[in-house]
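We will go from stop to stop, selecting a few residues at a time.

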Amino acid sequence: MKRLELAIESIILASRWLLVAFYLGLAVALAVYALSFGKKLFEFTTNVMVLHETDTILKILGLIDAALVASLVVMVIISGYENFVSRFDNHDGEVHWLGTIDVGSLKIKVASTIVAISSIHLLQVFLNHASYTSEQIMWLTLMHLTFVVSAFILAYIDRITGLSKKGGKDLKAPQEPGL
């Protein structure tokens with residue numbers, strides 16, 4: 001019976017390597033997205049002299065948005081591999097920061113990036129408000145606020161979880177001496 005248990009555990013543990021297909025797929029998607037970014041950048045640079053100031057800002061915000069999305073994908077690929085598949089070998093300090101991204105901090109970083117992307121999109125909408133109805137702007141604003149509140153809730157849960165792992169230390173706010 002112990003052999004069967006060990007065999008099952010080995011299969012379950014080895015199944016984490018199936019995640020590599022997802023991370024490689026995300027890397028391919030990132031390469032395709034880089035081509036899309038290159039196209040946007042080329043179109044922007046070739047038309048920059050004929051764009052109005054608002055259009056220039058909208059194009060730049062679109063490029064920033066793309067960079068944030070790409071950063072999010074890289075974060076998920078690297079930290080997901082590091083946390084769930086295998087540790088990276090040290091390549092002369094290139095990946096020294098990987099050990100600091102655990103699942104909880106990854107959630108916070110992903111949520112923060114989503115809020116930043118949503119903020120940029122909402123700013124684009126506000127700069128181009130004539131193309132949207134009041135109802136569309138209201139719903140986009142409510143969705144953005146939902147992302148913001150969700151990010152705060154995730155950060156709060158991560159903080160509480162982190163404090164409970166410390167054995168309940170620092171759960172109460174520090175008191176002034178003599179109070």
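Patches are built from residues with over 30% relative accessible area and no salt bridge; like charges are joined within 9 Å, and nonpolar side chains (Val, Leu, Ile, Met, Phe, Trp, Tyr) within 5 Å. A salt bridge here is a side-chain nitrogen of Lys or Arg within 4 Å of a carboxyl oxygen of Asp or Glu. Areas come from the Shrake-Rupley method with a 1.4 Å probe, and for residues only the protein chains shown count as cover.

Before you click, two notes on the model. It is a predicted one, where local features need pLDDT of at least 70 and side-chain atom pairs count only at pLDDT 80 or more, while totals for chains, interfaces and linings use all residues. Residues are numbered from 1 along each chain as its sequence is written, and side-chain values use heavy atoms, with hydrogens and water left out.

**Stop 1: the surface patch**

Select Ile114, Met138, Trp139, Leu142, Met143, Leu145 and Phe147: together they make a nonpolar surface patch of about 640 Å². Which helix gives the most to this patch? Helix H5 (residues 134-165) does, with six residues. Helices (H or I, at least four residues) and strands (E, at least two) are DSSP runs, numbered from the N terminus.

Now pick out Leu142, which sits in helix H5. At 39% relative accessibility, Leu142 is partly exposed. The classes are buried under 20% relative accessible area, exposed over 50%, and partly exposed in between (1.4 Å probe, protein chains only).

**Stop 2: the whole chain**

Zoom out and colour by secondary structure. The chain has five helices and zero strands, in the order α-α-α-α-α along the sequence. Of its 179 residues, 21% are buried. The chain exposes about 13,000 Å², and carbon and sulfur atoms supply 68% of that. Contact means heavy atoms within 4.5 Å; among contacts between residues at least 6 apart in sequence, 64% join residues at least 24 apart.

**Stop 3**

Select Ser118 in helix H4. Ser118 is buried, at 11% relative accessible area. Not counting residues up to four places away in sequence, Ser118 touches His144 and Phe147, and Phe147 is one of the patch residues from the first stop.

Move along to Gln124, also found in helix H4 (residues 103-127). Is Gln124 buried or exposed? Its relative accessible area is 16%, so Gln124 counts as buried. Leaving aside neighbours within four places in sequence, Gln124 is in contact with Leu58, Leu61 and Gly62. Show the distance from a polar side-chain atom of Gln124 to the backbone oxygen of Leu58: 3.3 Å.

**Stop 4: Phe44**

Phe44 belongs to helix H2 and is buried, with a relative accessible area of 12%. Beyond neighbours within four places in sequence, Phe44 is in contact with Leu51, Thr56, Lys59, Ile60 and Leu63.

**Stop 5: the aromatic pair**

How many aromatic pairs does a search of the whole structure find? One. Trp17 lies in the loop between helix H1 (2-14) and helix H2 (19-47) and Tyr81 in helix H3 (residues 53-84), so the pair ties together parts 64 residues apart in sequence. Rings of Phe, Tyr and Trp (its six-membered ring) pair if their centres lie within 6.5 Å; planes under 30 degrees apart are stacked, over 60 edge-to-face, and the rest tilted. Trp17 itself is partly exposed, at 41% relative accessible area.

Note on methods. Polar contact = N/O pair within 3.5 Å; in protein donor to acceptor, adjacent residues only side chain to side chain.
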